[in-house]
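Open the model in your viewer and keep the sequence panel beside it.

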Amino acid sequence: MDTSQYMDLFIDETKEHLQSLNEHVLVLEKEPEDADTINEIFRAAHTLKGMAGTMGFARMQRLTHDLENVFSEIRNGNMKANAKLIDVLFRGLDALESYLDVISSEGNEGTEDNQDIIDDLNSLLQEQSGGAPAAPEQKTEKKEGKPQAEQEEEDDAPVDSERAKYSQIPIGEFEASAIASARAEGKNIYGITVYLQEACILKAARAFLVFKSVESKGELIKSVPTTEKIEDEEFDFDFSWILATTESKAAIRKLILNVSEIGEVYIGDFDSPSQPAPQPEVKEEEHREVSEKPAEPEPQSAKKAEETQSQAKKQKAKMGSRSVRVDIDKLDVLMNLVSELIIAKNSLVSATTTQEGRESNAAVDSQIEYLENVTTSLHESVMKVRMVPIESVVNKFPRMIRDLSKKLDKKMDLQMTGEETELDRTVVDEIGDPLMHLLRNSADHGLESAEVRAERGKPEVGSIFLNAYQDGNNVIIEVGDDGNGIDVENVKNKAIERGTVTPEQALNMTDKEIIDLLFLPSFSTAKEVTDVSGRGVGLDVVKSKIETLGGEVEVKTQLGEGSTWIIRLPLTLAIIQALMVEVGGEKYAISLNSVTTLENIAPSDVKLVQSEEVIHLRGSVIPLIRLNEVLDIESTRKENENMIVAIVKKGDKLAGLVVDKLMGQQEIVIKSLGKFVDKTRIISGATILGDGEVALILDANVLI
């Protein structure tokens, strides 16, 4: 078997372990005596080392081994987690992430040894613990919490014969000959039974990693189930084999336990069939208790209880494996098929409602209605499968803020809520960079220096927050701080200095229009360029990326109190509920999520404010946008007829879109127009209607 087939699993799990290590080392920095955190760190490092070694990544294994030595000394109380040590630990974790990046892109770990980090780790180890790094065997003893003598005694102790299934492996003539030859060479013959954790997802991969970890230490004589069945996952959660080796039981046990998701390991001397199997030792006290009780036949109820218990265990095993890893490409294919199904459903609905002279058929209409319900439910189910918590993106930000705090010499704290909020996987994959830019912006531009905060009576530690929550069919992500806020006059002066606007234009600009200048490419208010900011790359990237995802970004700020950046994103980018309208005889779709109400407005109700058409509706003055003028087509509505107006909303702003005709609500599939028409921002895509026509999708956010 080739380890490359488990590369994806290794990469995914290594990312999880590295993220866990980053999070727990951050906790350790604040709570250096927290035993639970220290144990979690040690376990993650130990597992990561075993995985790297099993996959053959020696450099990664060596660095993780040295990190594990330090974590072991911290756990034993021989070292303290001070600032210097934490910095080196984070450097080590960054180096491991670099190894993983190279492995992901090239399939190997590269040639970087990171000797400087290893030297620093060993130097700190000697400074604090006063000795050389602990040997691997010592670490294992510490992990087990037992001295070597006791461990050897445990290996020689009788094992549970029912759980140690290796004793039941049938031996044929070939196996008996192989065992005899191995014994003649002075090798030990061990029987081994390994139980995987019931929550294990890829059982075959785990079993292979176990085999791989010990194959260089001996010869596999027989496996039950066979290696072919194990490869095909045709086994429960345990497997047994006979191994001929010169190693000790403790050494083999340690190699197996280095693989993650291992539940139990039973290992003992294997006796060939010609020799009687050793009877399990019975303690005198136990023997006395048994002898005092008369032998009784096993009651039927006991058998039933045993069967019930067995069924409960099987049910628990099933419950433990309720999640699977699925390639995102497969979900994309599934989503595309659902999209085509919805188009076909719309075509069927259109065909049955537009046929002239067709008599109404209640049975057909009922089945079409049922089909609509099923396709809608199927779409919702597929969308739920594609939804993932944004936690996978935001959980790396506390470490980033910690590093920025040291680099900028500002005390700051990041508070996050709503990490469990879910978004479509494609949106989550793209949202990381915009959020990172906004957080860096808050740390560098937003928060004041310690001196200024003291003068203003603010806490010494600046506060940065990231809140996420669902609002209807949108997800709102707010990023803000309690810092200086945006100095509108400073932005205006910078814009005039750069020639972005003239002094005359600046006089007539509102605060919001001035703040929007920050989203222009290369626009920055930083006085000097650093590796954190000052190049004008950031907010323009945020705006363009968010709009590409069908969302919007706005900012609320108060000078001296702080700023809040508000990102509004759609839950999905593939299938939406839309309001279908006609303008100039052409069909268009508007996302129903943007539409608040539909109004019938008389021409006499239209007023002019600063030469712009507006209507007064329920206490609000709403500007009108005539879509026929925006799209440069002739309206089919007569001049004296009442206007059909769709009131759309973007954040706090409202606008009325004037259309010629309403066609109704429809579930539509968004199709990209490609790169040839990407300059037309008011058109966000197209959809295929039930009659085969193509309707363009209007982006209300751009129109407002």
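What percentage of the 704 residues of the chain count as buried? The answer is 42%, where buried means under 20% relative accessible area, exposed means over 50%, and partly exposed is in between (1.4 Å probe, protein chains only).

**Before selecting anything**

This is a predicted model: local features need pLDDT of at least 70, side-chain atom pairs count only at pLDDT 80 or more, and totals for chains, interfaces and linings use all residues. Residues are numbered from 1 along each chain as its sequence is written, and side-chain values use heavy atoms, with hydrogens and water left out.

**Whole chain**

Show the cartoon. The chain has 25 helices and 22 strands. Both are DSSP runs, numbered from the N terminus: helices are H or I with at least four residues, strands are E with at least two.

Switch to the surface. Its accessible area comes to about 37,800 Å², by the Shrake-Rupley method with a 1.4 Å probe; for residues, only the protein chains shown count as cover. Carbon and sulfur atoms hold 48% of that surface.

Now consider contacts, meaning heavy atoms within 4.5 Å. Among contacts in the chain with a separation of 6 or more, 72% join residues 24 or more positions apart.

**Stop 1: H3 and H4**

Select residues 58-75 for helix H3 and 83-106 for helix H4. Two packed helices are described by the angle between their axes and the distance between the axes. Here the angle is about 155° and the axes are 10 Å apart. Axes are lines fitted to C-alpha atoms, for helices over the stretch in contact, and angles run from 0 to 180 degrees between N-to-C directions. H3 is therefore roughly antiparallel to H4. The classes are under 35 degrees for roughly parallel, over 145 for roughly antiparallel, 65 to 115 for roughly perpendicular, and oblique for the rest.

H3 passes H4 in a left-handed crossing. That means the near helix is turned anticlockwise from the far one by less than a right angle; clockwise would be right-handed.

Show side chains. On H3, pick residues including Leu 63, Leu 67 and Phe 71; on H4, the residues met include Leu 89, Leu 96 and Tyr 99. The contact divides into 13 nonpolar, two polar and one charged residue. Ala, Val, Leu, Ile, Met, Phe, Trp, Tyr, Cys and Pro count as nonpolar, Asp, Glu, Lys and Arg as charged, and the others, Gly among them, as polar.

**Stop 2: H1 and H17**

Select helix H1 (residues 7-30) and helix H17 (residues 397-408). Their axes come within 9 Å and cross at roughly 50°. That makes H1 oblique to H17. Asn 22, Leu 26 and Glu 29 of H1 meet Pro 398, Arg 399, Arg 402 and Lys 406 of H17. By class, this contact has two nonpolar, one polar and four charged residues.

**Stop 3**

Step to Asp 409, in the loop between H17 and strand E6 (412-417). Asp 409 has a positive phi of about 55° although it is not a glycine. With a relative accessible area of 70%, Asp 409 is exposed.

**Stop 4: strand E8**

Select strand E8, residues 462-471. Begin at Ser 463. Leaving aside residues up to four places away in sequence, Ser 463 touches Asp 413, Gln 415, Leu 447, Arg 453, Gly 480, Asp 481 and Asp 482. Draw the C-alpha distance from Ser 463 to Gly 480: 8.5 Å, for 17 residues of sequence.

Move to Ala 468. Is Ala 468 buried or exposed? Ala 468 counts as buried, at 7% relative accessibility. Its contacts beyond four places in sequence are Ile 390, Thr 417, Gly 418, Thr 421, Ile 476 and Ile 477. Ile 567 is 99 residues away along the chain, with 9.4 Å between the C-alpha atoms.

Finish with Gln 470, also in strand E8. Gln 470 is partly exposed, at 48% relative accessibility. Beyond four places in sequence, Gln 470 touches Thr 421, Val 475 and Leu 571.

**Stop 5: two backbone details**

Zoom to the peptide bond from Val 224 to Pro 225, which is cis, with omega near -5°. Pro 225 lies in the loop between strand E2 (218-224) and helix H10 (227-231).

Last, select Arg 618, in the loop between strand E16 (612-617) and strand E17 (620-626). Arg 618 is not a glycine, yet has a positive phi of about 50°. Arg 618 is exposed, with a relative accessible area of 62%.
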